[in-house]
Amino acid sequence: MDHLTHDEFFIKLAELFSSRKNKDHGKICLTQKRFSYGQDIPEPSAADHFPGLNVDGPLPVLIRASNGKSKPRRADKVKLSTVVEPSDLDAFYGRYAEVCKAGMLALKPRDRTKRKAKAKKKKGGAQQTAVAS
Amino acid sequence: MPYYEKSEDWLRESALLLQARPATTRVTTKYHLKPARRLTKEQKALAKQQLAADGKKAPGPAPAPATTTAVPTKPPRGHLLLKTFDPQSGVALKYKTSKAAEVTRLVQMLGTLGRRMAALPEVAGAGQQHDEPMPDAEAAAAGSGTQTPVPTAASTPAAGASGQGPQPGGGGKGKKKKGKR
């Protein structure tokens, strides 16, 4: 499968997130790793425990996204991938954060009820002490 | 396969793992939706009361609407699972959260890890903690029964170059307030 451009990737990722909007099940997997295709890094051996440590220069990063549908529902599977060049990393992650934040709507919003209750309690307590004195 | 309590700990250990095996380590972010089926005790009691009340009033088709009104009060819950995995050594480091407030920070962390994957130098002013040799972490990694990449990672000259200063502590504040009352 071909890699998408960043714009396409973000559009499709937003679509993927919105497909789970107002649903009560499902998952979205995002993966990132070094783009090491065609580099022929050897398996670790007794002589060299950590191959891949000495590479010359920055390498691109591969970002994948999927909706996690496997075998029985393979037809519904959505797979997106894009390659981010080292120079674009900061810009990419900025947009990535925006898309993720906008898409992950089912996470718990910041809980303000406790703080409110506390404030009320404090107010009530102050009034009580005023009355007592 | 440890779950970390704090995302900072997860980031630090993941960075060390990436330093040791930059070519094979991958970071997976799983956003997971689940129907909220579990009711709290109060909700259960309330539903029961409603059921009983409805049953007294109208012993016919009343119970069905009572349950349907009780269920949609809770929206489905999402969870976010971050996992750093290296297939060659079998090390997996995880962090799980359900708070929306953390998403932006976590993606920033993914960004710092992405820089490491790309073999770029770290941003000095990024505010992230740098690597320091941590005996605890080494012990933990050894205890998980996997070949630990931590010692070599810690002994590289890049480690701990500028991370010696006191870390900006944001965690202690809430506790202090609680103690004062």
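Two residues count as touching here if their C-beta atoms, placed from the backbone, lie within 7 Å. Keep that in mind for the views below, which come from a predicted model.

**View 1. Meet V107(B) and the residues it touches in chain A.**
Leaving aside residues up to four places away in sequence, V107(B) touches Y93(A), Y96(A), A97(A) and C100(A). V107(B) also belongs to the largest nonpolar core, a set of 42 residues. Along with L110(B) and L113(B), V107(B) has the most contacts inside that core.

**View 2. Here's chain A by itself.**
Chain A has three helices and three strands. Start at the N terminus and you'll pass through them in the order α-β-β-β-α-α. Of the 133 residues in this chain, 20% count as buried. Now take the contacts in chain A between residues at least 6 apart in sequence: 65% of them join residues at least 24 apart.

**View 3. This is where the two chains meet.**
Chain A puts 37 residues into the contact, and chain B puts in 39 residues. On chain A's side, the elements giving two or more residues are β1 (26-34) and α2 (89-103). The top giver there is β1(A), with nine residues. What kinds of residues make up this side of chain A? They split into 22 nonpolar, six polar and nine charged.

**View 4. Zoom in on β1(A) and its two partner strands.**
Over in chain B, the partner is β2 (residues 26-34), which pairs with β1(A) in the antiparallel sense over eight bridges. One spot to look for is T31(A), whose bridge partner in β2(B) is T28(B). Within chain A, β1(A) pairs with β2 (residues 61-66), again antiparallel, over six bridges. Look there for C29(A), which stands opposite S66(A) of β2(A).

**View 5. Step back and follow the whole sheet.**
Seven strands make an open sheet with mixed pairing, and you can trace them in the order β3(A)-β2(A)-β1(A)-β2(B)-β3(B)-β4(B)-β1(B).

**View 6. Two helices join the picture.**
Helix α1 (residues 6-19) of chain A packs on the sheet and touches β1, β2 and β3 of chain A. The direction of α1(A) makes about 145° with that of β3(A). From chain B, helix α4 (residues 103-117) lies across strands of both chains: β1 and β2 of chain A, plus β2 and β3 (77-86) of chain B. Helix α4(B) runs at about 30° to β1(A).

How values were computed:
Residues are numbered from 1 along each chain as its sequence is written. Chains are lettered from A and ligands numbered from 1 in the order in which they are written. This is a predicted model: local features need pLDDT of at least 70, side-chain atom pairs count only at pLDDT 80 or more; totals for chains, interfaces and linings use all residues. Helices (H or I, at least four residues) and strands (E, at least two) are DSSP runs, numbered from the N terminus. Ala, Val, Leu, Ile, Met, Phe, Trp, Tyr, Cys and Pro count as nonpolar, Asp, Glu, Lys and Arg as charged, and the others, Gly among them, as polar. Two strands pair if DSSP finds at least two bridges between them. Axes are lines fitted to C-alpha atoms, for helices over the stretch in contact, and angles run from 0 to 180 degrees between N-to-C directions. A nonpolar core is a set of buried Ala, Val, Leu, Ile, Met, Phe, Trp, Tyr and Cys residues joined through C-beta atoms within 7 Å. A residue is buried if 20 or more other C-beta atoms lie within 10 Å of its own, exposed if 12 or fewer, and partly exposed in between; C-beta atoms are placed from the backbone.
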